[in-house]
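The points move from a single residue to its surroundings and then to other parts of the chain.

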Amino acid sequence: MLNQKTILITGGTGSFGNAFTEYVLTHYKPKKIIIYSRDEYKQFLMAEKLNEYKDILRFFIGDVRDRDRLCRAFDGVDYVIHAAALKQVPACEYNPIEAVRTNINGAMNIIDAALDRKVKKVVALSTDKAVNPINLYGGTKLVSDKLFIAANAYSGEKEVRFSIVRYGNVAGSRGSVIPFFKKIIGEGKTELPITDYRMTRFWISLEEGIQLVIKALEEAKGGETFISKIPSFRITDLAEAMAPECARKEVGIREGEKLHEIMVTREDSAMTYEYDKHYIIYPHYNWWEESRLLPGGKKVEDGFEYSSGTNQEWLDVRELKRLLKQME
């Protein structure tokens, strides 16, 4: 599907952008991949690493806040992956206007540019924090998600379709608990801080996140929110898997943090369908028609909730050790 297509990735020098670019270059023969981001040094490093593909890689310095620059960058683009965002919860709390400008205004600019330049599909990356948000980052991503879904209502006769892919922190990514624990262990400390002994999280690898985006690109008809079916783990089990010799101390949950990750709320269950390896939340608007339902799905029961705390699939200490070994 991506063969001889032009793909643009906003925030393309991040961990997802790097991995997605390498995956596409390895498994497809794209016409062009455009990396759109603000950091020229990260672009330089990425260009050096992927020098053998220099004929099809393009690097655009730009900000999603800049609509005119996006319109120029989107010229001739088939597919857009929107990964750019301000993601750090404390930074968004302290700089709320900046978070709004990037995460909300930036989403509006992506939509306008995609409509004007006749992009075929846009897949925007979401987060579990957009579900029943309790911090500003989650609030801005909730608005962003709503904007992308609603954009399908006014695309008119244009071909462009907008969809969402939602998952939590990728295992081992910046901001996740694994590198935090690794740092403490590497410093020779003998105690790991646990915010709350009851805390659970979903486990998703970077490759699984990429596969979900590919699925959305292949199948989305517009307005869907794709969510992977993935296992949960307990933070205490992760600590045991990483450093059984370390003591654990409960330090209290941080502001803006949840005990469990939630991907599908009870309120969303009315429009949620279960598939073999994922869920899809369909839009609940009068412009959406059941003819857009993707085949093979089964409607979940009313009141269904997809939470890391009540998930049916769990990773134990042994399985966590195996997955951690694969990440080395």
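1. In this predicted model, Thr-236 has a relative accessible area of 18%. Because buried means under 20%, Thr-236 counts as buried. Thr-236 belongs to helix α9, which covers residues 235-242. Beyond its neighbours within four places in sequence, Thr-236 makes contact with Ile-194, Tyr-197 and Arg-248.

2. Helix α1 comprises 13 residues, 15-27.

3. The largest nonpolar core has 48 residues. Those that touch the most other members are Ile-7, Phe-16, Phe-20, Ile-81, Val-165 and Val-213. With neighbours within four places in sequence set aside, the contacts of Val-165 are Val-123, Ala-124, Leu-125, Ser-126, Leu-212, Val-213, Ala-216 and Phe-226. Another core, of 26 residues, lies apart from the largest one and has Phe-74, Leu-115, Ala-124 and Phe-148 among its members. In soluble globular proteins, nonpolar side chains tend to be buried together.

4. The second largest pocket has a volume of about 420 Å³. Of the 20 residues that line this pocket, Lys-146, Ile-149, Arg-166, Asp-268 and Ile-281 lie nearest its centre. The lining consists of 11 nonpolar, 4 polar and 5 charged residues. Helix α6 (residues 136-151) contributes the most to this lining, with 4 residues.

Terms used: Residues are numbered from 1 along each chain as its sequence is written. This is a predicted model: local features need pLDDT of at least 70, side-chain atom pairs count only at pLDDT 80 or more; totals for chains, interfaces and linings use all residues. Side-chain values use heavy atoms; hydrogens and water are left out. Helices (H or I, at least four residues) and strands (E, at least two) are DSSP runs, numbered from the N terminus. The expected span of a helix is 1.5 Å times one less than its number of residues. On a 1 Å grid over the protein atoms alone, a cavity is a set of points where a 1.4 Å probe fits but cannot get out, and a pocket is an open set with protein on both sides within 12 Å along at least five of seven lines; lining residues have an atom within 4 Å of a point. Grid points are joined across faces, edges and corners, and a volume is the space filled by probe spheres set on the points. Ala, Val, Leu, Ile, Met, Phe, Trp, Tyr, Cys and Pro count as nonpolar, Asp, Glu, Lys and Arg as charged, and the others, Gly among them, as polar. A nonpolar core is a set of buried Ala, Val, Leu, Ile, Met, Phe, Trp, Tyr and Cys residues joined through side-chain atoms within 4.5 Å. Buried means under 20% relative accessible area, exposed over 50%, partly exposed in between (1.4 Å probe, protein chains only). Contact means heavy atoms within 4.5 Å.
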